[in-house]
Amino acid sequence: MPSKTQSYSKPDFWSQKAFKEGYPARSVYKLAEIDKKFTFLKKNTSVLDLGAAPGSWTTWLLRNGAAKVVAVDLNPLSKSVTGENLTFIQGDLLEQSTLTAIKEQGPYGLVVCDAAPLTTGNRVLDTARSQSLVEMAIWYAQEMLAQGGNFCVKIFQNGDQQKELKKMRELFASAKGFKPEACRTTSFETYLIGLNKK
């Protein structure tokens, strides 16, 4: 009998679809679904993709009208992720050198973050680590987004989701939570969407 880990890692519909369409990971369909619902990627927009590796979101953004994508991660992007309007910054988002490099490329009309912490299986710990990433992403949105810009960040569902939304409502005309169908049914991740930065 296969273990839970084996069955979880078995390619599902979304993983197979991603492979066929040339995306490094299934997460791309979450972004596509979010954009379909909220229309947050405006044509000819500069986009900041935080925690971008392996690069599925970056690839989708490049294919769907972004004027420029600045992708940032500690790990390299997949070799298949390329584009003349792609700038990749390999570095720690908490380091000043990374922040400076990101700022030089801005401002941005859209900031997205699909980063997840290295999970331990301890939901309380994993949720706390996710919370820290969300707070960092919101800070980047506040600092790097142009007026009228949009924002999307992944969060592990917990009691603090409303606190983050409250913070986002001070920054954006509209902020709400949304769980795409492409999320695994067993996953407790969801997304926070901020529209039209004040």
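Which residues in helix 3 meet which residues in helix 4? Val 28, Leu 31, Ala 32 and Asp 35 in helix 3 meet Ser 56, Trp 57, Trp 60 and Leu 61 in helix 4. Contact here means heavy atoms within 4.5 Å.

## About the model

This is a predicted model, in which local features need pLDDT of at least 70, side-chain atom pairs count only at pLDDT 80 or more, and totals for chains, interfaces and linings use all residues. Residues are numbered from 1 along each chain as its sequence is written, and side-chain values use heavy atoms, with hydrogens and water left out.

By class, the contact of helix 3 with helix 4 has six nonpolar residues, one polar and one charged. Nonpolar covers Ala, Val, Leu, Ile, Met, Phe, Trp, Tyr, Cys and Pro; charged covers Asp, Glu, Lys and Arg; the others, Gly among them, are polar.

Helix 3 spans residues 28-38 and helix 4 spans residues 56-63. Helices (H or I, at least four residues) and strands (E, at least two) are DSSP runs, numbered from the N terminus. The axes of helix 3 and helix 4 come within 8 Å and cross at roughly 45°. Axes are lines fitted to C-alpha atoms, for helices over the stretch in contact, and angles run from 0 to 180 degrees between N-to-C directions. Helix 3 and helix 4 are therefore oblique to each other. Angles under 35 degrees count as roughly parallel, over 145 as roughly antiparallel, 65 to 115 as roughly perpendicular, and the rest as oblique. The crossing is right-handed: the near helix is turned clockwise from the far one by less than a right angle.

## Two strand residues

Leu 86 lies in strand 3 (residues 86-90). Leu 86 is buried, with a relative accessible area of 17%. Buried means under 20% relative accessible area, exposed over 50%, and partly exposed in between (1.4 Å probe, protein chains only). Leaving aside neighbours within four places in sequence, Leu 86 contacts Thr 58, Leu 62, Val 69, Ala 71, Leu 77 and Val 81.

Lys 68 is in strand 2 (residues 68-73). Lys 68 is partly exposed, at 21% relative accessible area. The C-alpha atoms of Lys 68 and Asn 85 are 4.8 Å apart, though 17 residues separate them along the chain. Not counting residues up to four places away in sequence, Lys 68 touches Thr 45, Ser 46, Val 47, Asn 85 and Gln 105.

## Cysteines without a bond

A disulfide is a covalent bond between the sulfur atoms of two cysteines. The cut-off used is a pair of cysteine sulfur atoms within 2.5 Å. The structure holds zero disulfides. Cys 113 is buried, at 1% relative accessibility. Cys 152 is buried too, at 0%.

## Backbone exceptions

Most residues other than glycine have a negative phi, and most peptide bonds are trans. A cis peptide bond joins Ala 53 and Pro 54, with omega about 5°. Pro 54 is in the loop between strand 1 (46-50) and helix 4. The bond from Gly 106 to Pro 107 is also cis, with omega near 0°. Pro 107 lies in the loop between helix 5 (96-105) and strand 4 (108-113).

Thr 39 has a positive phi, near 45°. Asn 44 has a positive phi as well, near 60°. Thr 39 sits in the loop between helix 3 and strand 1, and Asn 44 is found in the loop between helix 3 and strand 1. Thr 39 is exposed at 55% relative accessible area, and Asn 44 is exposed at 65%.
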